[in-house]
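Good morning, everyone. Please look at the sequence and the model on the screen, and I will walk you through them.

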Amino acid sequence: MKRYILIVFTLGFLLTSCEDTIDVDVPTAQARLVVEASLDWEKGTTGNVQSISLSMSTPFFDTDQDTSVTGAIVTVTNEDSGEVFPFDDNNDGTYSTSTFVPILNNTYHLEIVYDGETYEATEALMSVSDINEVNQSIEGGFDDELLELNLYFTDPANIENFYLIKYDVEGDLFPYLEDVSDEFTDGNEIHDFLEKDDDEDSEETPFEAGDVVNISLYGISEQYHNFIRLLIEQHGSQGDPFSSTAALIRGNCINPTNPDNYAFGYFRVTEVDTATYTFE
């Protein structure tokens with residue numbers, strides 16, 4: 001695939017210009033199934049309604065075509081009880097069910113049959129602690145003049161736990177993600193905070209009164225923790241000239257009969273506690 005970049009050099013003194021056309025060879029890769037399968041059981045709900053999205057990967061500059069995948073057969077099976085949950089095809093790339101039964105510490109198996117290929121993934125449903133408190137301060141972050149959001153929750157003792165924290169700031173394009181383990185905080189209250197940068201080169205704007213943040217605290221598996229940590233690290237290193245070249249991060253969706261034709265994405269099953277905070 002080639003893209004043409006037109007570089008125009010204008011010589012103001014001579015009122016003349018020259019044009020050079022440069023051919024840029026952009027590498028292409030095999031189109032792959034992309035799986036967005038996050039079965040999240042929010043505390044206080046039944047968790048019966050769940051959805052999975054399927055699409056196909058495309059070349060970087062090809063943004064016009066519809067990549068949604070229809071016609072797949074999607075099921076999730078509780079490997080402990082044997083109960084099977086079919087996901088209905090909504091004909092728009094999404095597949096949904098209203099009969100899912102989340103059970104903590106049970107193992108769930110995803111199967112997708114599409115275009116003559118079968119894709120599989122397995123995850124356990126991990127529990128999560130309750131959010132104890134959310135507040136604001138100015139003295140606990142990196143800059144004593146900026147507002148920060150504080151989150152507190154208690155880690156269960158003598159159990160290896162992993163967490164994903166999502167801060168979704170209303171008005172911002174993307175959420176802020178934090179991966180947490182209890183390696184050094186087992187059995188203690190865990191404190192996490194979010195402070196937005198005041199750097200003039202950053203697109204962020206510091207928190208101010210009236211800003212609203214939706215917080216999600218997920219209990220995740222060690223496998224998913226390792227996966228999301230690498231994604232967060234790669235995202236954080238964008239624009240750093242001294243960072244290493246980003247490597248392909250594989251999810252847990254495999255193709256058992258044709259391993260080279262694996263899918264992108266990840267199948268996770270989590271319990272999540274949520275809170276909303278408005279800055280004063």
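Let me begin with a definition. Two strands pair if DSSP finds at least two bridges between them. Strands themselves are DSSP runs of E, at least two residues long, and helices are runs of H or I, at least four long; both are numbered from the N terminus. Now use that. Strand 12 (residues 162-169) and strand 13 run antiparallel, joined by 6 bridges. Tyrosine 163 stands opposite valine 180 in strand 13. The hairpin of these two strands has 6 residues between them, and glycine 171 takes a positive phi near 100° there.

A few ground rules. This is a predicted model: local features need a pLDDT of at least 70, side-chain atom pairs count only at pLDDT 80 or more, and totals for chains, interfaces and linings use all residues. Residues are numbered from 1 along each chain as its sequence is written, and side-chain values use heavy atoms, with hydrogens and water left out.

How confident is the predictor? pLDDT is its confidence in each residue, from 0 to 100. The protein chain averages 87, and 81% of the residues score at least 70. Residues 1-17 fall below 50; this stretch has 35 contacts in the model beyond near neighbours in sequence. A contact here means heavy atoms within 4.5 Å. Residues 239-243 also stay under 50, and the model gives them 1 contact beyond four places in sequence.

Now the overall picture. The protein chain has 1 helix and 16 strands. It has 280 residues, and 35% of them count as buried. Buried means under 20% relative accessible area, exposed means over 50%, and partly exposed is in between, with a 1.4 Å probe and protein chains only. Take the contacts with a separation of 6 or more: residues 24 or more positions apart account for 61% of them.

Look at strand 3 (residues 33-42). On strand 4 (residues 50-56), 4 bridges join it in the antiparallel sense. Glutamate 36 stands opposite serine 53 there. With strand 16 (residues 264-278), strand 3 runs parallel, over 9 bridges. Serine 38 has arginine 268 of strand 16 as its bridge partner.

Move along to strand 5. Strand 5 pairs with strand 6 (residues 84-89) in the antiparallel sense, over 4 bridges. Valine 76 has phenylalanine 85 in strand 6 as its bridge partner. Strand 5 covers residues 73-78 and includes asparagine 78. Is asparagine 78 buried or exposed? It counts as buried, because its relative accessibility is 1%. Its side chain reaches the backbone nitrogen of serine 81 at 3.0 Å. Leaving out residues up to four places away in sequence, asparagine 78 touches several others, including Phe85, Ile103 and Tyr108.

Aspartate 179 lies in strand 13 (residues 176-181). It counts as partly exposed, because its relative accessibility is 21%. Which residues does aspartate 179 touch, not counting those up to four places away in sequence? They are Tyr163, His225, Ile228, Arg229 and Ile232. With histidine 225 there is a polar contact, side chain to side chain, at 3.3 Å. A polar contact is a pair of N or O atoms within 3.5 Å; within protein, one must be able to donate a hydrogen and the other to accept it, and residues adjacent in sequence count only if both atoms are side-chain atoms.

Strand 11 (residues 148-154) pairs with strand 14 in the antiparallel sense, over 6 bridges. Threonine 154 has glutamate 189 of strand 14 as its bridge partner.

Key
pLDDT is the predictor's confidence in each residue, from 0 to 100.
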